[in-house]
Amino acid sequence: MRQWWRKVRNQLTTSPRFGRAVSYLIWTALRVIHRTNPLMPQTQEVYEHIQTNKPVIFAMWHGQHVMTPFAAPKGLPMVAMFSRSADAEINAKVVERLGIETVRGSGGREDVHRADKGGARALILLKRALDRGKSAVMIADISKSNARDAGIGVIVLARISGRPILPVAYASSRGINFEKSWDRTRLALPFGRAVLCSGLPLFVPQDADEMAMEKARIELTVRLNEATSRAFAIVGAKA
């Protein structure tokens, strides 16, 4: 399987046409999963938070980012940040099919200041989008790092933009847990039920110093984990 996936990734980097075909197939499959997993009433609470605080910065964990865009309110303008890896490129192409704009970069502790990662530039683009009234989307934990531990990038964006972070979590009643994956990915399956939960919006003062930003990062981690636990409890699945 790994060898096959490496071949697919190599094709993605060399053939735009192949990348479009793969993203279309994945998008089609995910759309079927979404349509056969009706969202439970608790999702309305998230929509109310969005309506009250928009534009917001959506923060979510790796492993939940696949289905979450499908559960977002219809017609909400959004810009999502993805890393420059081949795996992330597939996700980005799928998200773009949902009408969501994308930027490339990384939101780790060091990466937001490194030009080669594109983190600083991506944050600037996201801030400009927020200034125009578009909501931003970021995966909070850092790829191949500690799962479900927020990085500093999303905190920096909240500080420089003055917009709140809305921690969100998606869960489905039917799915396959990839226990050995670093990010504890769960692949939703058709014909179940799903829910989108959120924690309270998190504001980061624009004059926050390094200590205050670290405190906000830890608080975001707590709120995201609480939202995740609540979402999986609602659908009766293992987080």
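Me: How accessible is Lys-127?
Reply: Lys-127 is partly exposed, at 26% relative accessible area. This is a predicted model, so read the value as computed from it.

Me: What does the Lys-127 side chain meet in a salt bridge?
Reply: Asp-131. The N to O distance is 2.8 Å.

Me: Why are Asp-131 and Lys-127 about one helical turn apart?
Reply: Both sit in helix H6, and they are separated by about one turn because they are 4 residues apart.

Me: How many salt bridges does the count come to?
Reply: The count comes to 6. One of them joins Glu-101 to Lys-134, with the closest N and O atoms 2.3 Å apart. That pair links distant parts of the chain, 33 residues apart. Glu-101 is in strand S3 (residues 101-104), and Lys-134 is in the loop between helix H6 (119-131) and S4.

Me: Is Glu-101 buried, partly exposed or exposed?
Reply: Partly exposed, because its relative accessibility is 37%, and that class covers values between 20% and 50%.

Me: What about Arg-217, which residue does it form a salt bridge with?
Reply: Asp-149, with the closest N and O atoms 3.0 Å apart.

Me: Buried or exposed, for Arg-217?
Reply: Buried, at 7% relative accessibility. Asp-149 is partly exposed, at 22%.

Me: Which residues are linked in a network with Arg-217?
Reply: Asp-149 and Glu-214. Salt bridges link the three residues.

Me: Backbone next. Where is Arg-148 found?
Reply: In the loop between strand S4 (135-139) and helix H7 (153-161). Arg-148 is not a glycine, yet its phi is positive, about 60°. Arg-148 is also buried, with a relative accessible area of 8%.

Me: Which residues does the cis peptide bond join?
Reply: Lys-54 and Pro-55, with omega about 0°. Pro-55 lies in the loop between helix H3 (43-53) and S1.

Me: Which residues line the largest cavity?
Reply: Among them are Gly-63, Gln-64, Val-66, Met-67, Tyr-170, Ala-171 and Phe-232. By class, the lining has 7 nonpolar, 3 polar and 1 charged.

Me: Where is Met-67 found?
Reply: In the loop between strand S1 (57-60) and H4. Met-67 is buried, with a relative accessible area of 5%.

Me: How far apart are the C-alpha atoms of Met-67 and Ala-171?
Reply: They are separated by 8.7 Å. Along the chain, the two residues are 104 residues apart. Both line the largest cavity.

Me: How does the pocket lining split by class?
Reply: The lining has 10 nonpolar, 3 polar and 4 charged residues.

Me: Last topic, the surface. Which residues make the nonpolar patch?
Reply: Ile-176, Phe-178 and Leu-187. The patch is about 250 Å². Leu-187 is also one of the residues that line the largest cavity.

Me: Where is Phe-178, and how accessible?
Reply: Phe-178 is in the loop between strand S6 (175-177) and strand S7 (186-188). Phe-178 counts as partly exposed, at 40% relative accessibility.

Definitions and conventions. Residues numbered from 1 in each chain as written. Predicted model: local features only at pLDDT ≥ 70, side-chain atom pairs only at ≥ 80, totals over all residues. Heavy atoms only, no water. Nonpolar A, V, L, I, M, F, W, Y, C, P; charged D, E, K, R; others polar. Patch = residues over 30% accessible without salt bridge, like charges linked within 9 Å, V, L, I, M, F, W, Y side chains within 5 Å. Areas by Shrake-Rupley, 256 points an atom, 1.4 Å probe, with all protein chains shown as cover. Salt bridge = Lys/Arg side-chain N within 4 Å of Asp/Glu carboxyl O. Helix = DSSP H or I, 4+ residues; strand = E, 2+ residues; numbered from the N terminus. Buried < 20%, exposed > 50% of the residue type's maximum accessible area, 1.4 Å probe, protein only. 1 Å grid on protein atoms, 1.4 Å probe; cavity = no way out; pocket = protein on both sides within 12 Å on 5 of 7 lines; lining within 4 Å.
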